[in-house]
Amino acid sequence: MSPPFSDFASLAALHRELEELFLQHQDALLDLELPLAAERLDRFEAAQRLHLEAEEALLLPVFSRAERIRGASPDLFTSEHQRLLEFLARFRSELASLQPGSTGLRRGVLRLLDAETTFKHLSHHHELREETYLFPTLDRVTDEAERRELLAAFLARVKR
Ligand SMILES: [Fe+2]
Ligand SMILES: [Fe+2]
């Protein structure tokens, strides 16, 4: 069950949930369960997309009100979102090209896992910067009424 979200800092829990969904996809890959791995990748991508889109639509405009922080501009977050989605599109097509039962299957899975490690690093750094700069800044620049309203709108978009 999701914890209560009383402030923006608590949204870090949603990052942990996304990480868990991605690991479930990787569990299936390790077991060479290709259809299950593909299904879980789709599920992760859908959740990730809702998360990124809700941040861009609701959180980054409010974040833009604050003074600029080097290494954590709204544009940087948006361009990283784009890169994350590009990675996922690549994984989807690489996974679709793997042949169940073929001799090259294990090597193909290893190649995919290597590429996914790069993705996990990018994603981790992105989330860390949001948790260090974006969420605390949002807590600082909003009053309680706006915080509650914005959090509710954000959660309504990502928890579908
Ligand atoms: Fe983000
Ligand atoms: Fe995020």
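**The metal site and the pockets**

Guide: Glu55 and Glu130 are both buried, where buried means under 20% relative accessible area, exposed over 50%, and partly exposed in between (1.4 Å probe, protein chains only). This is a predicted model, in which local features need pLDDT of at least 70, side-chain atom pairs count only at pLDDT 80 or more, and totals for chains, interfaces and linings use all residues. Residues are numbered from 1 along each chain as its sequence is written, chains are lettered from A and ligands numbered from 1 in the order in which they are written, and side-chain values use heavy atoms, with hydrogens and water left out.

Four residues coordinate the iron ion (ligand 1): Glu55 (OE), His81 (NE2), His126 (NE2) and Glu130 (OE), at 1.9 to 2.2 Å. Donors are N, O and S atoms within 2.8 Å of the metal (3.2 Å for Na, K and Ca); water is not among the atoms, so sites may look incomplete. Along the chain, the donors of the iron ion (ligand 1) follow the spacing E-x25-H-x44-H-x3-E. The arrangement is irregular because the 4 donor atoms around the iron ion (ligand 1) subtend angles of 85 to 172°. Four donors count as tetrahedral if all angles lie between 85 and 135 degrees; four count as square planar and six as octahedral if opposite donors are over 155 degrees apart and all others between 65 and 115; anything else is irregular.

Glu55 lies in helix α2 (residues 34–63) and Glu130 in helix α4 (residues 105–141), so the pair ties together parts that are 75 residues apart in sequence. Helices (H or I, at least four residues) are DSSP runs, numbered from the N terminus.

Now the pockets. A pocket is an open set of points on a 1 Å grid over the protein atoms alone, where a 1.4 Å probe fits, with protein on both sides within 12 Å along at least five of seven lines; lining residues have an atom within 4 Å of a point. The largest pocket is lined by 12 residues, with Glu17, Leu18, Leu21, Ala47 and Val158 nearest its centre. Helix α2 supplies the largest share of that lining, 5 residues.

Leu18 also lines the second largest pocket, along with others including Phe44 and His124. Helices α1 and α4 each give two or more residues to this lining, and α4 gives the most, with 6 residues.
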